[in-house]
Amino acid sequence: QEKVEERTRSLKEANKGLEERNKFLATMQAVTNLISRTMDLKQVNQMIADSIARELGYVGGILSFVDTEKNVLKVGAITNNTETKKALAILPKDPREYETVLEEGYSLGAQTVLSGKINFSDKMSEFLSPPVDKDSLEKIQAQLGVKTIVGVPVFSEAKIIGIIHFLMSVKKDQISSLDIETMTALTNQVGIVSRNVKLYNTLQHANEELQDANMRLRELDKAKSEFLSIASHQLRTPISALKGYLSMIIEGDFGKIPGPINKVVKDLFESASRLARLINVFLNVSRIESGRLKLEKKPLQIVDMVESVMDELKNEAAKKELKFDFKKPKKKVPQIFADSDKLREVVLNLIDNSIKYTPQGSVIASIEFDDENLTFMVEDTGIGIKKDEVKTLFRKFVRGSGVAQVHTGGSGLGLFIAQKIIKEHGGRIWAESDGQGKGSRFKFEIPLYDEKTMEYAPEEK
Ligand SMILES: Nc1ncnc2c1ncn2[C@@H]1O[C@H](COP(=O)(O)OP(=O)(O)OP(=O)(O)O)[C@@H](O)[C@H]1O
Ligand SMILES: [Mg+2]
């Protein structure tokens with residue numbers, strides 16, 4: 001009989017221990033849940049202070065944090081319920097206005113933060129006075145029925161960032177090890193949360209700044225594109241007029257002109273043409289950027305086009321005494337499906353580049369094809385390209401580091417436009433070079449015209 005009773009008693013005790021442990025885990029879970037729902041540090045601290053009374057069942061708690069600049073401790077949150085509110089009304093001022101100086105011997109609160117060790121006291125005044133006056137504290141303690149105060153330091157990444165004062169309604173010897181464990185666990189949560197929230201806020205801040213910067217950049221970019229578009233359109237008409245009249249003068253429409261002036265007029269015409277080409281480049285870029293680059297694809301014999309480009313540029317090549325050649329395939333070249341004006345710009349820029357960036361030697365264009373694709377290539381013996389620049393040259397405004405040696409002007413837009421145009425044709429463009437000073441090969445590949453799959457409906461006349 002006795003044995004059974006004893007056994008029952010010990011089982012009951014074990015059960016009680018388990019129950020308490022369970023309660024502890026459930027409490028911590030509830031607190032963690034609460035905390036993880038918000039990223040506002042003030043709110044989190046208040047939640048923790050409130051959970052000390054609501055979840056843990058203690059009288060209440062005071063969370064204070066170190067102000068490293070002033071080297072003082074300031075109240076961050078106090079359990080907010082009717083009892084504590086009434087008790088705090090005893091204080092002559094707002095509890096948040098008090099500052100505990102972090103000096104040896106100032107108060108037990110300061111001492112706890114300085115030492116990083118848990119402290120106990122049966123007097124609130126021992127922990128909190130100074131700065132709070134003893135009288136008020138004694139009244140508050142009596143009113144709340146506080147028997148013990150436990151001061152637990154708050155650690156965050158090995159640094160002490162504050163303290164939680166737990167107000168308990170029991171004497172020190174009635175505080176269990178589980179209570180201490182609970183208080184420590186909660187205090188650790190405060191440390192972790194404060195670190196997370198700070199990280200989060202830093203990230204958030206950086207993110208907002210980035211977004212701002214991004215928006216400003218986008219607006220600028222848009223403004224720039226609009227300006228480019230408007231300026232180019234406005235410039236086009238007067239320059240066409242200029243070119244038109246200059247060409248009429250050269251043709252002799254206004255009568256014969258004296259030799260020296262003739263040369264000047266020809267130079268003027270050249271300059272006007274260059275200007276017109278540049279404006280065309282800008283227009284193309286602004287079309288690309290606003291998504292207004294439209295292709296009018298037709299079956300096209302690229303050989304004729306390359307020949308006409310070669311013809312247009314042969315004087316430039318001759319000026320530098322370059323070997324200038326177009327190697328046509330022996331077999332008949334099949335048609336491609338392309339916008340002939342746009343593709344001509346690509347071929348023109350590639351061959352023009354090769355001439356520009358080749359001080360001596362040769363510029364040779366050629367064509368290859370298989371059943372599906374045609375590849376156009378221009379190979380030169382010029383300044384070549386550094387390995388790491390082979391891809392970047394196709395970006396907007398990028399000019400290679402080698403161009404400085406040949407002192408030629410250029411916008412760095414030609415290849416950017418070329419790449420967009422070739423991509424729009426469903427093809428690809430790339431550069432190859434064995435390195436600086438070793439010449440370059442620029443190639444693009446484009447699909448052949450296939451009557452069955454490519455829709456071409458010539459407008460009826
Ligand atoms: N054949 C080439 N050999 C060596 N470098 C080249 C060659 N073609 C292009 N590049 C490099 O690529 C850069 C970009 O070429 P892109 O045609 O885009 O601009 P650009 O020729 O400088 O100016 P633009 O064509 O607008 O007058 C050139 O500045 C040059 O550094
Ligand atoms: Mg160019």
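A365 stands opposite V378 in β11, and this pairing belongs to the 7 bridges that join β10 (residues 362-369) to β11 (residues 373-380), two strands that run antiparallel. Helices (H or I, at least four residues) and strands (E, at least two) are DSSP runs, numbered from the N terminus, and two strands pair if DSSP finds at least two bridges between them. The model is predicted, so that local features need pLDDT of at least 70 and side-chain atom pairs count only at pLDDT 80 or more, whereas totals for chains, interfaces and linings use all residues. Residues are numbered from 1 along each chain as its sequence is written, chains are lettered from A and ligands numbered from 1 in the order in which they are written, and side-chain values use heavy atoms, with hydrogens and water left out.

β10 and β11 belong to an open sheet of 5 strands, whose order is β8-β10-β11-β13-β12 and whose pairing is mixed. The edges are held by β8 (323-327) and β12 (428-433), each of which has a single partner strand, so one side of each is left without a neighbour in the sheet. From one strand to the next, the twist averages 15°.

Two helices that pack on this sheet can be taken in turn. Helix α9 (residues 302-319) touches β8, β10, β11 and β13 (440-447), and its direction makes about 175° with that of β8; contact here means heavy atoms within 4.5 Å, while axes are lines fitted to C-alpha atoms, for helices over the stretch in contact, and angles run from 0 to 180 degrees between N-to-C directions. Helix α12 (residues 414-424) touches β12 and β13, and its direction makes about 135° with that of β12.

Helix α9 also meets helix α10 (residues 340-356), the two axes coming within 10 Å and crossing at roughly 40°. The crossing is right-handed, a term used if the near helix is turned clockwise from the far one by less than a right angle, anticlockwise being left-handed. Among the residues that make the contact are M305, V309 and L313 of α9 and L343, V347 and I351 of α10. By class, the contact has 12 nonpolar, 2 polar and 4 charged residues, where Ala, Val, Leu, Ile, Met, Phe, Trp, Tyr, Cys and Pro count as nonpolar, Asp, Glu, Lys and Arg as charged, and the others, Gly among them, as polar.

Helix α10 also contains N349 and N353, which lie 4 residues apart, about one turn of the helix. The OD1 atoms of N349 and N353 coordinate the magnesium ion (ligand 2) at 2.1 to 2.5 Å; donors are N, O and S atoms within 2.8 Å of the metal (3.2 Å for Na, K and Ca), and water is not among the atoms, so sites may look incomplete. Both N349 and N353 are buried, where buried means under 20% relative accessible area, exposed over 50%, and partly exposed in between (1.4 Å probe, protein chains only).

Some backbone features lie in loops. E321, although not a glycine, has a positive phi of about 55°; E321 is placed in the loop between α9 and β8 and, at 70% relative accessibility, counts as exposed. N71 likewise has a positive phi of about 55° without being a glycine, and its place is in the loop between β1 (60-67) and β2 (72-78); at 39% relative accessibility, N71 counts as partly exposed. The peptide bond from S129 to P130 is cis, with omega near -10°, and the bond from P130 to P131 is cis with omega near 10°. P130 lies in the loop between α5 (124-128) and α6 (134-144), where P131 is also found.
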